[in-house]
Amino acid sequence: MIATASAVAFVVYSCKGKIQQSDDVDFSAAPVQIVRNMFVVQTENSLLQLRMEADLMERYENDSVSYELFPEGFAVYGYNEEGLLETEITSDNARHEKFEKDDLETWAAFGNVVVKNVINRERMETDTLYWDRKNERIYTDCYVRMYSPDGFMQGYGMESDQRARNSSIFNPFDSYGIVIQDSTKVAVDSANFIGPFPEK
């Protein structure tokens, strides 16, 4: 009995001797929320306005700002007044910030950013894009390539309304235009096309 008590005391003492104090944990560096396969829908008067999808969202918070990171990329789909898909924005990753003091909100997309206006059949490519939600505009200071049925443009800096209906490049260079006007050509909006309808 005495030998067993000694063995237990030795085991407890030897284990206690190996325990080290852990480093302090910095909770501000850890996300307060993680969402996988995120799917968000925004509607108004029963019409779809916005759809957002992301494989991973991480939310962080501190005293002055809360922000969300989308490290595995995200996609935003905007719908027009008739409920048709009009705008697509995709990127490799993104960041959304909300500043409590000033009531400001900013969105930024990074890496292989592609903006499409599917109704106008226009496509823009850049590395960084900002969305000013309050003023309903998107913009960048980075290199931009724009493709449309009327041609190709490139340059530095771009601004547009948030639906990418009216885009302007600030500093275009070495652009060339391909203009094809064919009055018999029929353009089909493949994103919103429903049909063909079966015969009755």
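**View 1. The charged end of R137 sits over the ring of Y139.** Here the charge lies 4.2 Å from the ring's centre. To count as "over a ring", NZ of Lys or CZ of Arg has to be within 6 Å of the ring centre and within 35 degrees of the ring normal. This is a predicted model, so local features need pLDDT of at least 70, side-chain atom pairs count only at pLDDT 80 or more, and totals for chains, interfaces and linings use all residues. Residues are numbered from 1 along each chain as its sequence is written, and side-chain values use heavy atoms, with hydrogens and water left out.

**View 2. R51 has its charged end over the ring of Y77.** This time, the distance to the ring centre is 4.0 Å.

**View 3. W107 and W131 make a tilted aromatic pair.** Rings of Phe, Tyr and Trp (its six-membered ring) pair if their centres lie within 6.5 Å; planes under 30 degrees apart are stacked, over 60 edge-to-face, and the rest tilted. For W107 and W131, the centres are 5.9 Å apart, with 35° between the planes. W107 is tucked away as a buried residue, at 10% relative accessible area (buried is under 20%, exposed over 50%, partly exposed in between, using a 1.4 Å probe and protein chains only).

**View 4. Y156 and F173 form a stacked pair.**
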